[in-house]
Every structure is written in structure tokens, then in C-alpha cells.
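Me: I'm new to this one, so please pick a single spot and take a close look at it. After that, walk me through the rest in plain words.

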Amino acid sequence: MVQQASAPAKVILFGEHAVVYGIPAIAVPVSSLRAYATVEASDDLFTIVTNDIKKNNIALSVDLNDNNNSLTKMASFVFNHFKQEIEPNVKITLKSNIPIASGLGSGAAVSTALGRAVALAIKQTISNKTLNKFVYEVEKIHHGTPSGIDNTVIVYEIPIYFVKGKDIQYLEIMSPFHIVIADTGQRALTHEAVGDVQKLYDSNPNDTKLILDQIDHIVQKALISITKGNITRLGSLMTENHQLLQKLTVSSPKLDKLVGVALEAGALGAKMSGGGRGGNMIALVERANIQHIKDALQQAGATQVFDSIVQ
Ligand code: PMV
């Protein structure tokens, strides 16, 4: 029997980077983009097969002795949690349609799907609370000191109002709204952008703190707009958040261009999302305008364009 586990992509609607400094942020899952892990019985030993992006996406087995490998680490967390000493004769195959290194949480989604699949392989069910802890630990391999927002929104697959180190808060969306997500095609490392914001903070604490405070106010206003269903207001708050992220130096010329194009094409608001310096931007759009804005973004050089409903 073949079983499958999966996990969604995510976008940060408000508050990325500032969230690292304890300011709240708002993130939602993108359920149409997913990472999958299939579990099949096998005559061989336990294997995890993934596409090696560095080698033309050829399928390859993960080295289960490599303790620095995020996939190996997740598998051993789950085995240890369930006190499973003998690895099952199972093959787990990973696939994902989430663009990598682009602020959509691809790494956390793959870890989450894998954690669930390893539990399935040993006939166990892992709770979201436990899995969230494990995905956070795995995220640290790539991100250093992640705030925890990515793993939380991806594991629970619900809209969240997130404060670092605090219990997860579900965010009720009063009126569902549409977003368009556009990929700059530029890959960027989140921990570098996070490190540069830290340098900015260290070299100019007063001005940087002011920007972080302004983001904090925007997140509070966004929270009210989401819970009241004021979508037009939410759009302009997104654009304001983008301008503050520019001041934190984490945008890029291509992100700025796509934000401008989306606004010109009639989006209610637009901003970069996630670590920045490349990766994806998001635009808040009216339903009737989705295709027009997607076309405009593609013409302006976006390498991939998706739309999603936030509900
Ligand atoms: O993983 P990304 O690129 O979506 O960025 C995560 C969001 C940051 O706030 C930039 C970092 C963090 O740990 O919260």
C-alpha cells in the first residue's frame, strides 16, 4: 500500500524580519502549492529519495549517516520520539511543487511532509505540536536563528498571528481575499538578509528601531482590517509594509519592479514576502483582476505566477 503525507507552502502577509525582533507577524498557508512524501514498502533498507536540485533534479537517496542533512535529521527525530530502534523497510519519496529559496517555505514544507511520512512508515501519528518543534530544529540548520513563523504556519496549515516564542494564535479571516504570488526567479538566502538587518540594527539602532516600530503599527492595523474584512485597507497596509522593508534593505530592484507593476495593474496592495533580496512578492487583488495582474507580472519578468485564496 502506498501512503502519502503532505504540507503546504506559506506566505508572510505582514511583519517579516521585524518578527525576528519580537514584533508580531501575520502568515497564511498556500494550500495549492505543496510538498509531498509517499511511503511504500520496500525490500531494501529504509531510504529517503529526493530530487537533487544541484544535479539536474535526478532522484537520489539521502545519506542517512549524514547528521547535517536536514532530511536525515527529521527522520531520526521521529524515530527517536517513537523509540523506534529498527528502521522500517520502507522507501519515502519526496516531491514538491514549491519554488525553493524564494520565501515560500519550501524547506519547512518538505521537512513537515517527511516527518509525517516517517511517522506513517512506523504506523504512528505525530501531533502537530511535536512536529512543529522538530521542523523548527531542522530549520535552524539553514536559517541559524529562525523566528519559528515558517514552521508554525506550515505545520498547522492555518492563518496565524505569530509572536516569536509565544503560543500559536489562529487568525480568523472575516472576508476571504485573493493574492497573486510572483517569483522574481532570484534565489536568496534568508539568513544573509536577516544578518544584514542585524548589522543595520547594530550600526544604527535608533533609526532601525523606528522602522521596526512602524512595522509593528502596520501589523496591528492589518490585524484589525483582517478581522473586520476591510480588504482595501489591508492592501494599502501591504504596500506600506513593503516601503519599510525597502528601508531595512531587504527588497531588490526586481521585487520593487514587480510590486510597482502589480499596483499599476490595479492591485489593492503589494509587497515582497519572506526573507527578500529576491524570491517572491505578493499582491492583494480583486477576483475580477487576478488574470490581468498575473499577465502583467509575467510580462514584467516574473518567472512563475500563482494565485491563492486566503480564507
Ligand atoms: O523563510 P523566509 O524567506 O520566508 O523568511 C522568513 C521570515 C524572516 O522573518 C525573514 C525570518 C524569520 O526567521 O522569521
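Reply: Let's start with Ser-76, which sits in helix 1. Helices here are DSSP runs of H or I with at least four residues, strands are runs of E with at least two, and both are numbered from the N terminus. Ser-76 counts as partly exposed, with a relative accessibility of 31%; on this scale buried means under 20% relative accessible area, exposed means over 50%, and partly exposed is what falls in between (1.4 Å probe, protein chains only). Leu-64 is 12 residues away along the chain, and 9.0 Å separates its C-alpha atom from that of Ser-76.

Before going on, keep in mind that this is a predicted model, where local features need pLDDT of at least 70 and side-chain atom pairs count only at pLDDT 80 or more, while totals for chains, interfaces and linings use all residues. Residues are numbered from 1 along each chain as its sequence is written, and side-chain values use heavy atoms, with hydrogens and water left out.

Lys-83 isn't a glycine, yet it has a positive phi of about 50 degrees. It is exposed, at 69% relative accessible area. His-17 also has a positive phi, about 70 degrees, without being a glycine. His-17 belongs to the loop between strand 1 and strand 2 (25-41), but it is buried, with a relative accessible area of 5%.

Now for the ligand. It is surrounded by 15 residues, the closest being Lys-10, Ser-147, Asp-150, Thr-190 and Gly-275; a residue is near it if one of its heavy atoms lies within 4 Å. That shell holds six nonpolar, six polar and three charged residues. For Thr-190, a polar side-chain atom lies 2.8 Å from a ligand oxygen. On its own the ligand would expose 370 Å², and the protein buries 95% of that (areas come from the Shrake-Rupley method with a 1.4 Å probe; for residues, only the protein chains shown count as cover). Strand 1 (3-14), helix 4 (149-156) and helix 5 (190-203) are the elements that give two or more residues to the shell.

Helix 4 also holds Asn-151, which is buried at 3% relative accessible area. Its side chain makes a 2.8 Å polar contact with that of Asn-132, a polar contact being a pair of N or O atoms within 3.5 Å; within protein, one must be able to donate a hydrogen and the other to accept it, and residues adjacent in sequence count only if both atoms are side-chain atoms. Setting aside neighbours within four places in sequence, Asn-151 is in contact (heavy atoms within 4.5 Å) with Ala-108, Asn-132, Val-135, Tyr-136 and Glu-139.

Finally, the whole protein. Its C-alpha trace spans about 55 × 40 × 35 Å along the principal axes, and 54% of its 311 residues are buried.

Definitions and conventions
Ala, Val, Leu, Ile, Met, Phe, Trp, Tyr, Cys and Pro count as nonpolar, Asp, Glu, Lys and Arg as charged, and the others, Gly among them, as polar.
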